[in-house]
Amino acid sequence: MTIVRDAHGMLCPKCGQDDCIDVAALVHVRLTGSGSDADLSFDGSHEWDDDSRCCCGACGHGGTVSDFRKAAEQQMVRELVDLFGEKGRPDDFLDGHVHDAKFAEASQINNGGVEDQIAYLIAVEGFEAVRQMIEEDEQ
Ligand SMILES: [Zn+2]
C-alpha cells in the first residue's frame, strides 16, 4: 500500500506501513452538556505540521510527522533509483532532460550521485511525476 505515502509523503519508519498512520491534530470542539463534539464546531478545520506527534496503528511506533516523512522520502528515492538501475544508464537520463531548467539544476548536484539527484527531483516535481518521467523515457 502506498496510497497514503503518495498522498501525504509519509510512512512508518519502523514497519513501512502507511495505512494506519494517526496524527495528533489541533481541532476545535463544541462544548456540550455531555462533553464535546467536533462535528458541531463552527471551525471544522484541523491543523498539523512537521512537529506534530504521529503514530503507526500497525506496529505502535511513535514519532513526529517529520520522522514519518523522512522514511517515505528515503523509500521513494530507493524506488526511483531502482527504476533507474533497471534502465542501466542513470546519468544519461538527466543529460537527456537538461533542456528543462529543473533537470539542469538537478544535474549540477554531483557530489552525492544519483540518489541526491532523484531526491531533488522528487522534492521539486513530486514522486509520481518523476516516476512517470523515468518510465516514459524508457520508450
Ligand atoms: Zn509501523
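Author: A residue is called buried if its relative accessible area is under 20%, exposed if that area is over 50%, and partly exposed in between, with a 1.4 Å probe and protein chains only. By that rule His8, with a relative accessible area of 42%, is partly exposed. Before going further, please keep in mind that this is a predicted model, in which local features need pLDDT of at least 70 and side-chain atom pairs count only at pLDDT 80 or more, while totals for chains, interfaces and linings use all residues. Residues are numbered from 1 along each chain as its sequence is written, and side-chain values use heavy atoms, with hydrogens and water left out.

The zinc ion is the part to look at closely. Its protein donors are the SG atoms of Cys12, Cys15, Cys56 and Cys59, which lie 2.3 to 2.4 Å from the ion; donors here are N, O and S atoms within 2.8 Å of the metal (3.2 Å for Na, K and Ca), and sites may look incomplete, as water is not among the atoms. The four donor atoms subtend angles of 103 to 115 degrees around the zinc ion, and the arrangement is therefore tetrahedral, a word used for four donors if all angles lie between 85 and 135 degrees. For comparison, the ideal angle for four tetrahedral donors is 109.5 degrees. Along the sequence, the donor residues follow the spacing C-x2-C-x40-C-x2-C. Cys15 lies in the loop between H1 and strand E1 (21–23), and Cys56 in strand E6 (residues 53–56), so this pair ties together parts that are 41 residues apart in sequence. Helices (H or I, at least four residues) and strands (E, at least two) are DSSP runs, numbered from the N terminus. The two cysteines can also be set side by side for their accessibility: Cys15 is partly exposed at 32%, whereas Cys56, at 2%, is buried.

Helix H1 deserves a look as well, and His8, with which we began, is found in this helix. Leaving out residues up to four places away in sequence, His8 touches Trp48 and Arg69, where contact means heavy atoms within 4.5 Å. The C-alpha atoms of His8 and Ala72 are 9.2 Å apart, although 64 residues separate the two along the chain.

Arg5 also lies in helix H1, which covers residues 3–8, but Arg5 is buried, with a relative accessible area of 2%. Its contacts beyond the neighbours within four places in sequence include Met10, Leu11, Asp18, Ala72 and Phe127. Two polar contacts involve its side chain: one of 2.6 Å to the side chain of Glu79, and one of 3.0 Å to the side chain of Asp6. A polar contact is a pair of N or O atoms within 3.5 Å; within protein, one must be able to donate a hydrogen and the other to accept it, and residues adjacent in sequence count only if both atoms are side-chain atoms.

Ser41 counts as buried at 12% relative accessibility, and its side chain reaches the backbone oxygen of Asp43 at 3.1 Å. A polar atom of that side chain also lies 3.3 Å from the backbone oxygen of His28.

Terms used:
Four donors count as tetrahedral if all angles lie between 85 and 135 degrees; four count as square planar and six as octahedral if opposite donors are over 155 degrees apart and all others between 65 and 115; anything else is irregular.
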